[in-house]
Amino acid sequence: MSGRENIVITGFMGTGKSTVGQLVAAKLGRRFVDMDDVIEERFGMPIPEIFKRHGEAIFRTVERGLAQELSTQSDLVIATGGGALVPVEMRDLMGRTGKLICLNADKDEISARLSETDNRPLAANWEALFEQRQLAYAAIPNQIETSGKTMEAIVCEIVAMRDGRIQVRTPVGGYDIWIDEGILRDINRHVDGLGLHGHVVIVTNETVAPLYGEPLASRLPKADIIAVKDGEEYKTLETVSALYDEMLALGADRNTTLVALGGGVLGDMAGYVAATYMRGLRLIQAPTTLLAMVDSSVGGKVGVDMPQGKNLIGAFKQPEAVLVDTEVLETLPPLQWRCGMAEVIKHGLISRPALLDPEMWETENLVNLLRDAIQVKVEVVEEDPFEQGIRAHLNLGHTFGHAIEKVTRYRVPHGEAVAIGISKAAQLSCNRGLIDKQLVEKVVSTFERIGLPVDIDLEPEAWYAAMSTDKKWKAGKSRFVLLKGLGEATVVEGLPKEEVLAVL
Ligand SMILES: NC(=O)c1ccc[n+]([C@@H]2O[C@H](COP(=O)([O-])OP(=O)(O)OC[C@H]3O[C@@H](n4cnc5c(N)ncnc54)[C@H](O)[C@@H]3O)[C@@H](O)[C@H]2O)c1
């Protein structure tokens, strides 16, 4: 097959596959194929009639044959029937020559959409079918949440996915996240594409500078590098002040672009410099740890620590672009990889169950893993850019985790503390009847498989006391993010102390 890979749009009935598919095809100038329409044409009757006269098995056989035909072609936008990609062999077949994209919608929205049409043979018992198919849909590498979004936004997301980009809408405009292997080698094109000609200052640290800083600078016509000391203990106003001095010495002005190259510590601190130096410079985030890629580089929160606590000084600073280069992960120490995976699993638990599938963690799926995990963060920050509501879900397990860090004086790395914290949050959710035991076991076994701890020997009272100083607890009233299902989180306030102690 030559040409570009097909775009295959699937999802439950009522998620808008056909309408979205047509719009994507029109936008990209490609041919659109609605598989159900083709099958109706071939039988010469509507689908409910095919089911009645020939039965579902015959329908599925014809559907499989059509999938085989379409998989030998390229450049198509295909909308499948809702059940077409439920069998794994159908996903494998269509995935060989196509990018599989699953549209999701919440039950209320599906119910409303289904009431508008009677051309769906399986609609009568749709809720049971919805549950049955969830695992199969979750296994599709690219997921799009459609609830509450305009058609235009959904189409943009799909078009961006096609060229390895995720678009982020912010209160002040928007930016793209580019995810690919070797993307930093192309920095010049990105800087040019953004219209950012001129002076670039790459802010990085002493570990990352020799690995990626110098090669990056050599690809830009006018770039300087500043390397700060490596470590959370240097994420301070003193380092920020030293950065201001060096930038002034280098003649950085309002036309300078700052590239933040490093993990979350560096990205937060350099982002803060970009937010404040001469009232704001343009910023490109170039995250180099898994955690920074899937979490800290997206969403605009930047800042530094104070002796009194972490991230107490900061700002919201949206970047011009985020460049996620999978190549840089080759040098990431295994511990940092595992710690980043704790956040990836968190994203899976609050929104994208597919991220819990070990197949997704394989090297060949790295771009998909990153895209899905980043997409979760994007959806949350788009809905709640200033952390007033749903962004709290990103704190799943963090109340327990931050307290572990505090009690152990940061001897337990953040990602490990988060894995333990999420396991505790899952147990607490189960004890409250929000989730079943199987899900708790799934959470625990997932972390164990990654090599992350799920428990720690801490004195419960000390652990609880450290949690109660959490800035989200108001007037001593506890506040936890818990699970209410796989892919769903909820905030619960005022939990009795005994209930929390029971899981510690
Ligand atoms: N802004 C946000 O929304 C947000 C969200 C989550 C976390 N954070 C912040 O992120 C920070 C943690 O970030 P982190 O986990 O990335 O830690 P980190 O930045 O300290 O990086 C971990 C270590 O890996 C090294 N490193 C980075 N990239 C490397 C590479 N490609 N190869 C080899 N070594 C590499 C770093 O130099 C460092 O020693 C915390 O300060 C936290 O507060 C911010």
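In the largest nonpolar core, which has 101 residues, the members that touch the most other members are V203, L258, V273, I374 and A425. A nonpolar core here is a set of buried Ala, Val, Leu, Ile, Met, Phe, Trp, Tyr and Cys residues joined through C-beta atoms within 7 Å. A residue is called buried if 20 or more other C-beta atoms lie within 10 Å of its own, exposed if 12 or fewer do, and partly exposed in between, with C-beta atoms placed from the backbone. Helix α17 (residues 414-431) supplies the largest share of this core, nine residues. Because domain 2 (165-332) and domain 3 (344-504) both give residues to the core, it lies between them. Apart from this core lies another, of 35 residues, including L23, A79, L103 and I158. In soluble globular proteins, nonpolar side chains tend to be buried together.

The model is predicted, so local features need pLDDT of at least 70 and side-chain atom pairs count only at pLDDT 80 or more, while totals for chains, interfaces and linings use all residues. Residues are numbered from 1 along each chain as its sequence is written.

The chain is divided into domain 1 (6-161), domain 2 (165-332) and domain 3 (344-504), with bounds that come from an automatic or database domain assignment. Taken over C-alpha atoms, the centres of domain 1 and domain 2 are 40 Å apart.

Helices (H or I, at least four residues) and strands (E, at least two) are DSSP runs numbered from the N terminus, and two strands pair if DSSP finds at least two bridges between them. An open sheet of five strands has the order β2-β3-β1-β4-β5, with parallel pairing. Its edges are β2 (31-34) and β5 (142-145), each of which has a single partner strand, so one side of each is left without a neighbour in the sheet. From one strand to the next, the twist averages 20°.

| Strand pair | Sense | Bridges |
|---|---|---|
| β1 (residues 6-11) and β4 (residues 98-104) | parallel | six |
| β8 (residues 200-205) and β10 (residues 257-262) | parallel | four |
| β15 (residues 479-485) and β16 (residues 488-493) | antiparallel | six |

Strands β15 and β16 form a hairpin with two residues between them, and G487 in the turn has a positive phi of about 95°.

For the helices, axes are lines fitted to C-alpha atoms, over the stretch in contact, and angles run from 0 to 180 degrees between N-to-C directions. Helix α2 (residues 35-43) packs on helix α4 (residues 56-70) at an angle of about 115°, with the axes 10 Å apart. M35, V38, I39 and R42 in α2 meet V62, E63 and L66 in α4, where a contact requires C-beta atoms, placed from the backbone, to lie within 7 Å.

Some single positions complete the picture. Leaving aside neighbours within four places in sequence, V273 is in contact with V203, V240, L243, Y244 and L258. L428, which lies in helix α17, counts as buried because it has 23 C-beta neighbours inside 10 Å. Not counting residues up to four places away in sequence, L428 touches F480, L482, V500 and V503, whereas L291, 137 residues from L428 in sequence, is 25 Å away in space, C-alpha to C-alpha. G401 is found in helix α16 (residues 398-407) and counts as buried because it has 26 C-beta neighbours inside 10 Å. With residues up to four places away in sequence again left out, G401 touches A417, V418, I420 and G421. The C-alpha atoms of G401 and V412, which are eleven residues apart along the chain, are separated by 9.3 Å.

Key:
Contact = placed C-beta atoms within 7 Å.
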